[in-house]
Amino acid sequence: MTTITTTSLPNLLHRGKVRDTYDLGNGLLLMVATDRISAFDVVLPNGVPDKGFVLSRMSAFWFRKVAHLIPHHFVAMADDPAAHPYLPANLPPQIARQAMVVRRAQRVDIECVVRGYLAGSAWAEYTAQGAIFGQAAPKGLKEGHKFEKPIFTPTTKAETGHDLSMTHQQVVAMVGAARAKELEEKTIAIYSYARDYAAQRGIIIADTKMEFGVLNGQLLLIDELLTPDSSRFWDAAAYRPGQSQPNYDKQFVRDWLNSTGWNHEPPAPALPPDIVDKTVQRYKEAYARLTGEALSHS
Ligand SMILES: Nc1ncnc2c1ncn2[C@@H]1O[C@H](COP(=O)(O)OP(=O)(O)OP(=O)(O)O)[C@@H](O)[C@H]1O
Ligand SMILES: [Mg+2]
């Protein structure tokens, strides 16, 4: 098993915390999900083997699943023969297996966050201020409380530092009223569909973040979709409001990091092998549960 933490192909467009994006020309991008892992916005020194493989396939799974709700950017996994004509010559198979070919769009600079449950920064805001996303909330809600309806809580896409909450007026000022409405409606529709699907497979999708772009005047779903890097996945069987929920996301890594007393400033400590192993296992189990298939290795 190889761990891919850096890639160097021609025409690098962007290196994020986890993904390396290349320009393929002809309006296409190659998005490589590496095995890097970040926590508290810091990339950890060691990678997690197979993470990129599992997460890029999970994104691909969801793009296909939600295609009836919205057009999306996904064209093909890079190891699919359908992608072959678009790829650089000699793309190593160990990169192709964790990369996807997508259509390039004009990005909407908003992180479209949607929350079905009270967790993370929303829980922190509620305990500090009794409010959720700036709106007064009932007293006595427990951590992990299920909202009656999903809440749209968009944020900026900060170039540096943490993303900031956006008000509805700020979203409208950026994209106009009609597009703002479309972003909110699509985000909630995609989340609700995925949440109901996952619920039948024992996973609660507590919240998630998605991104959109515009291509030929049309809204397009872009980036990664409904992975443990962009979402909170909880084990439905173990769900109990009033605690931090057993989960399939990075909480496990975050808990270990916090147990070391690390102050969330770089450099982060390296993850020990057993934490790395357990993390991969969590991701693979989430994939198997959601898709009903174990991942076969290429
Ligand atoms: N189809 C697309 N067309 C254009 N840009 C896209 C498309 N899909 C994703 N993107 C953009 O490509 C970039 C992918 O970068 P990536 O998510 O790896 O890093 P990042 O967002 O800069 O940082 P972070 O590591 O915090 O996510 C993002 O800016 C994303 O908005
Ligand atoms: Mg990103």
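This is a predicted model: local features need pLDDT of at least 70, side-chain atom pairs count only at pLDDT 80 or more; totals for chains, interfaces and linings use all residues.
Student: OK, how is the protein chain divided?

Tutor: Into domain 1 (1–104) and domain 2 (107–250). Those bounds come from an automatic or database domain assignment. Taken over C-alpha atoms, the centres of domain 1 and domain 2 are 23 Å apart.

Student: And how many residues of each are in contact?

Tutor: 17 residues of domain 1 are in contact with 20 residues of domain 2. Two residues are in contact if their C-beta atoms, placed from the backbone, lie within 7 Å.

Student: Which elements of domain 1 supply the side that touches domain 2?

Tutor: Helix 1 and strand 7 each supply at least two residues of that side of domain 1. The largest share, six residues, comes from helix 1. Helices (H or I, at least four residues) and strands (E, at least two) are DSSP runs, numbered from the N terminus.

Student: What's that side like by class?

Tutor: The side of domain 1 that touches domain 2 has eleven nonpolar, three polar and three charged residues. Here Ala, Val, Leu, Ile, Met, Phe, Trp, Tyr, Cys and Pro count as nonpolar, Asp, Glu, Lys and Arg as charged, and the others, Gly among them, as polar.

Student: Switching topic: how many residues surround ligand 1?

Tutor: 17 residues surround ligand 1, and the closest are G16, K17, R19, H73 and I222. A residue is near a molecule if its C-beta atom, placed from the backbone, lies within 6 Å of it.

Student: Where do the residues of that shell come from?

Tutor: The shell around ligand 1 draws at least three residues from each of domain 1 and domain 2. Strand 2 (19–25), strand 7 (99–103) and strand 14 each supply at least two of its residues. By class, the shell around ligand 1 divides into five nonpolar, five polar and seven charged residues.

Student: Now helix 7. How far apart are its end C-alpha atoms?

Tutor: They are 27 Å apart, which agrees with the 27 Å that the 19 residues of helix 7 (residues 273–291) should span at 1.5 Å a residue. The expected span is 1.5 Å times one less than the number of residues.

Student: Which residues of helix 7 are buried?

Tutor: V276, T279, R282, Y283, A286, Y287 and L290 are. They cover an arc of only 130 degrees around the axis, which puts them on the same side of helix 7. That arc is the one of the directions from the helix axis to the C-beta atoms. A residue is buried if 20 or more other C-beta atoms lie within 10 Å of its own, exposed if 12 or fewer, and partly exposed in between, with C-beta atoms placed from the backbone.

Student: Why would residues three or four places apart point the same way?

Tutor: An α-helix has 3.6 residues a turn, so residues three or four places apart point the same way.

Student: What do the buried residues pack against, and what's on the face turned away?

Tutor: The buried residues of helix 7 pack against helix 1 (51–65), helix 5 (177–199), strand 14 (203–215), strand 16 (231–235) and helix 6 (251–259). The face turned away from the buried side of helix 7 carries the exposed residues P273, D274 and Q281.

Student: Where are D50 and N26, and is each buried or exposed?

Tutor: D50 is in the loop between strand 5 (42–43) and helix 1, and D50 is buried, with 22 other C-beta atoms within 10 Å. N26 lies in the loop between strand 2 and strand 3 (28–33), and N26 is exposed, with 9 other C-beta atoms within 10 Å.

Student: Which peptide bond is cis?

Tutor: The one from P266 to P267, with omega near 0 degrees. P267 lies in the loop between helix 6 and helix 7.

Note on methods:
Residues are numbered from 1 along each chain as its sequence is written. Chains are lettered from A and ligands numbered from 1 in the order in which they are written.
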